[in-house]
Amino acid sequence: MTRSEQRARTHQTLLDATVGCLVEFGYAGTTTQRVQERAGVSRGALLHHFGSKADLFVAAIHYIAEQQLAQVRLAGADSRRHLVTALREAMSGPLFLAGLELWLGARTDPALRAALLPAERELGRELRKAFESTGDDRVGYESLLMMLRGLALTSILRDDTTVADAVVDRWFDRLG
């Protein structure tokens, strides 16, 4: 493996470890020490890639947004229902939970908020383009995102997706 490949692998390992720590320990409990230990790298390696915790979180924000967008792109947007299903899947699981932790941290951390906004806006623009390609308007798109975020939050405390599935079906009935 070349030095460049090693650096890229370490960078990726650190971002994956950060996502894992955000999910397991939350924003407040994610420390650089925990990330370093989970990634299995030295302190020097962590600091080589990310000079501070803030730098690590900024990179994690972009990483999460890129991964979620890749999930949606991979699924394709050949129909509105297919796109909604892809968005729903992207807005669940570890990436969503890690992103949620960063959102909540941004509520009281102005620097994190400033770093989070550009990545979220870019993700929003890309998702809106995909959604508008199905012939829907901005209100339909925004209502979908708000609904999916609410469903994702609710799923933290509920295992049964029956009601969530019915909510999505109702959205289709109303805006369909």
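Start by selecting E120, which you will find in helix α7; helices here are DSSP runs of H or I with at least four residues, strands are runs of E with at least two, and both are numbered from the N terminus. You are looking at a predicted model, in which local features need pLDDT of at least 70, side-chain atom pairs count only at pLDDT 80 or more, and totals for chains, interfaces and linings use all residues.

**Stop 1: around E120**

Is E120 buried, partly exposed or exposed? E120 is partly exposed, because its relative accessible area is 22%. The classes work like this: buried means under 20% relative accessible area, exposed means over 50%, and partly exposed is in between, with a 1.4 Å probe and protein chains only.

Now show the side chain of W103. The side chains of E120 and W103 make a polar contact of 3.3 Å. A polar contact is a pair of N or O atoms within 3.5 Å; within protein, one must be able to donate a hydrogen and the other to accept it, and residues adjacent in sequence count only if both atoms are side-chain atoms.

**Stop 2: a salt-bridge network**

Stay on helix α7 and select E126, together with R73. Their side chains meet in a salt bridge, with N and O 2.9 Å apart. A salt bridge is a side-chain nitrogen of Lys or Arg within 4 Å of a carboxyl oxygen of Asp or Glu. R73 lies in helix α4 (residues 53–75) and E126 in helix α7, so this pair ties together parts that are 53 residues apart in sequence. R73 counts as exposed because its relative accessibility is 53%, whereas E126, at 18%, counts as buried.

K129 counts as exposed, at 51% relative accessibility. Salt bridges that share partners join R73, E126 and K129 into one network.

**Stop 3: from α5 to α9**

Select R81 and D169 for another salt bridge, where the closest N and O atoms are 3.4 Å apart. R81 lies in helix α5 and D169 in helix α9, so the pair ties together parts that are 88 residues apart in sequence. R81 counts as partly exposed at 41% relative accessibility, and D169 counts as partly exposed at 37%. The count of salt bridges comes to seven.

**Stop 4**

Colour residues 138–155 to pick out helix α8.

Show the side chains of α8. Its buried residues are G140, Y141, L144, L145, M147, L148, L151 and A152. They pack against α5 (80–90), α6 (93–108), α7 (110–132) and α9 (162–175).

Move on to I156, in the loop between α8 and α9. At 46% relative accessibility, I156 counts as partly exposed. Together with L153 and L157, I156 forms a nonpolar patch on the surface, and the three have about 340 Å² of accessible area together. Patches are made of residues with over 30% relative accessible area and no salt bridge; like charges are joined within 9 Å, and nonpolar side chains (Val, Leu, Ile, Met, Phe, Trp, Tyr) within 5 Å. Accessible areas come from the Shrake-Rupley method with a 1.4 Å probe, and for residues only the protein chains shown count as cover.

**Stop 5: T32**

Select T32 in helix α2 (residues 32–39). T32 is buried, with a relative accessible area of 18%. The side chains of T32 and R43 are joined by a polar contact of 3.0 Å. Leaving aside neighbours within four places in sequence, T32 is in contact (heavy atoms within 4.5 Å) with R43, L46 and K53.

**Last stop: zoom out**

Show the whole chain: there are nine helices and zero strands. The C-alpha trace spans about 55 × 35 × 30 Å along its principal axes. Buried residues make up 39% of the 176 residues.

Note on methods:
Residues are numbered from 1 along each chain as its sequence is written. Side-chain values use heavy atoms; hydrogens and water are left out. The expected span of a helix is 1.5 Å times one less than its number of residues.
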